[in-house]
Amino acid sequence: MAGEGEKKAVLEMVQADGADEGCVTFVLHDEDHTLGNSLRYMIMKNADVEFCGYTITHPSESKINFRIQTRGGIPAAEPLRRGLNELSDVCQHVLNTFQRPLSFSL
């Protein structure tokens with residue numbers, strides 16, 4: 001447990017003993033379906049990803065278990081990082097689009 005002044009980890013990496021780096025479960029704390037489903041969609045667009053899915057451990061807990069399995073020996077952290085960056089880019093594009101001043105022509 002995090003002591004006073006210490007930050008709790010936002011992301012944990014859980015890997016079975018003897019498993020390769022291409023098959024990893026990431027635990028994202030303080031997250032829910034909003035991030036889980038959109039991030040899963042972005043990661044599954046990657047051709048190197050064989051499986052990507054997430055579960056909510058319990059409705060009263062605000063964390064998700066996010067599982068990624070890759071092809072060709074690619075570390076699972078790579079598509080996670082890429083998916084997070086692409087999702088951030090999409091969110092920024094949406095913000096820029098809706099914050100643009102509207103011009104009306106009559």
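## Histidine 29 and the end of strand S2

The side chain of histidine 29 makes a polar contact with the side chain of glutamate 12, at a distance of 2.5 Å, in what is a predicted model. Histidine 29 belongs to strand S2, which covers residues 23–29, and with a relative accessible area of 12% this histidine is buried, because the value falls under the 20% limit for that class.

Aspartate 30 is found in the loop between S2 and H1. The phi angle of aspartate 30 is near 60 degrees, a positive value in a residue other than glycine. Whereas histidine 29 is buried, aspartate 30 counts as exposed, at 54% relative accessibility, because the limit for that class is set at over 50%.

## Threonine 25 and valine 24 in strand S2

Two further residues of strand S2 are threonine 25 and valine 24. Threonine 25 counts as buried at 17% relative accessibility, and its side chain makes a polar contact with the side chain of arginine 67, at 2.9 Å. Leaving aside neighbours within four places in sequence, threonine 25 is in contact with Glu12, Met13 and Val14, and also with Asn65, Phe66 and Arg67.

## The chain as a whole

The secondary structure of the protein chain comes to 2 helices and 4 strands, and these elements follow the pattern β-β-α-β-β-α when read along the sequence.

Among contacts between residues at least 6 apart in sequence, 49% join residues that are at least 24 apart. The chain exposes about 7800 Å², and carbon and sulfur atoms supply 53% of that area.

## The crossing of helices H1 and H2

The axes of helix H1, residues 33–44, and helix H2 come within 9 Å and cross at roughly 110 degrees. That angle makes H1 roughly perpendicular to H2, because crossing angles of 65 to 115 degrees fall in this class. On the H1 side the contact is made by Leu35, Ser38, Leu39, Met42 and Ile43, and on the H2 side by Pro79, Leu80, Gly83, Leu84, Glu86, Leu87 and Val90.

Leucine 84, one of the H2 residues in this contact, has its place in a helix that covers residues 77–99 and is partly exposed, with a relative accessible area of 33%. Between leucine 84 and serine 38 there are 46 residues of separation in sequence and 9.6 Å in space, taken from C-alpha to C-alpha; serine 38 is listed among the H1 residues of the helix contact.

Alanine 47 is found in the loop between H1 and strand S3, which covers 49–56. With a relative accessible area of 64%, alanine 47 is exposed. Alanine 47 and proline 79 are 32 residues apart in sequence and 9.8 Å apart in space, C-alpha to C-alpha, and proline 79 is also one of the H2 residues that take part in the contact with H1.

## Cysteines and disulfides

A disulfide is a covalent bond between the sulfur atoms of two cysteines. A search of the whole structure finds 0 disulfides. Cysteine 52 counts as buried, at 7% relative accessibility, whereas cysteine 91 counts as partly exposed, at 42%.

How values were computed. Residues are numbered from 1 along each chain as its sequence is written. This is a predicted model: local features need pLDDT of at least 70, side-chain atom pairs count only at pLDDT 80 or more; totals for chains, interfaces and linings use all residues. Side-chain values use heavy atoms; hydrogens and water are left out. Buried means under 20% relative accessible area, exposed over 50%, partly exposed in between (1.4 Å probe, protein chains only). A polar contact is a pair of N or O atoms within 3.5 Å; within protein, one must be able to donate a hydrogen and the other to accept it, and residues adjacent in sequence count only if both atoms are side-chain atoms. Contact means heavy atoms within 4.5 Å. Accessible areas come from the Shrake-Rupley method with a 1.4 Å probe; for residues, only the protein chains shown count as cover. A disulfide is a pair of cysteine sulfur atoms within 2.5 Å. Axes are lines fitted to C-alpha atoms, for helices over the stretch in contact, and angles run from 0 to 180 degrees between N-to-C directions. Angles under 35 degrees count as roughly parallel, over 145 as roughly antiparallel, 65 to 115 as roughly perpendicular and the rest as oblique.
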